[in-house]
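Student: Please take me through this structure by question and answer, beginning with the terms required.

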Amino acid sequence: MSPVFYYILIPISVAAVVIVLATGIYSMAKGGEFNRKYSNKLMRLRILLQFVAILIIMLAVYLASR
């Protein structure tokens, strides 16, 4: 894969993590029904997205060092 692919894929994956994290923090601060309904789902989604982002970054570093 070309390095340009990683210049696009890495920021998108990190931005997805930030968006889910910000949504979770906002919902916890506000409280209410949305927080009760989606708090745990947002946390699980954030962990999954972090895992994917780390894998992409590790793959990019590995391929760049070859």
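Tutor: Patches are built from residues with over 30% relative accessible area and no salt bridge, joining like charges within 9 Å and nonpolar side chains (Val, Leu, Ile, Met, Phe, Trp, Tyr) within 5 Å. Accessible areas follow the Shrake-Rupley method with a 1.4 Å probe, and for residues only the protein chains shown count as cover. The model is predicted: local features need pLDDT of at least 70, side-chain atom pairs count only at pLDDT 80 or more, and totals for chains, interfaces and linings use all residues. Residues are numbered from 1 along each chain as its sequence is written, and side-chain values use heavy atoms, with hydrogens and water left out.

Student: What accessible area do the residues of the nonpolar patch have together?

Tutor: The patch on the surface is formed by Leu-45, Leu-48, Phe-51, Val-52 and Leu-55. Together the patch residues have about 440 Å².

Student: Which side chain meets that of Glu-33 in a salt bridge?

Tutor: A salt bridge requires a side-chain nitrogen of Lys or Arg within 4 Å of a carboxyl oxygen of Asp or Glu. The count by this rule is one salt bridge. Both partners lie in helix H2, three residues apart, about one turn of the helix. At 3.6 Å, N to O, the partner of Glu-33 is Arg-36.

Note on methods. Helices (H or I, at least four residues) and strands (E, at least two) are DSSP runs, numbered from the N terminus.
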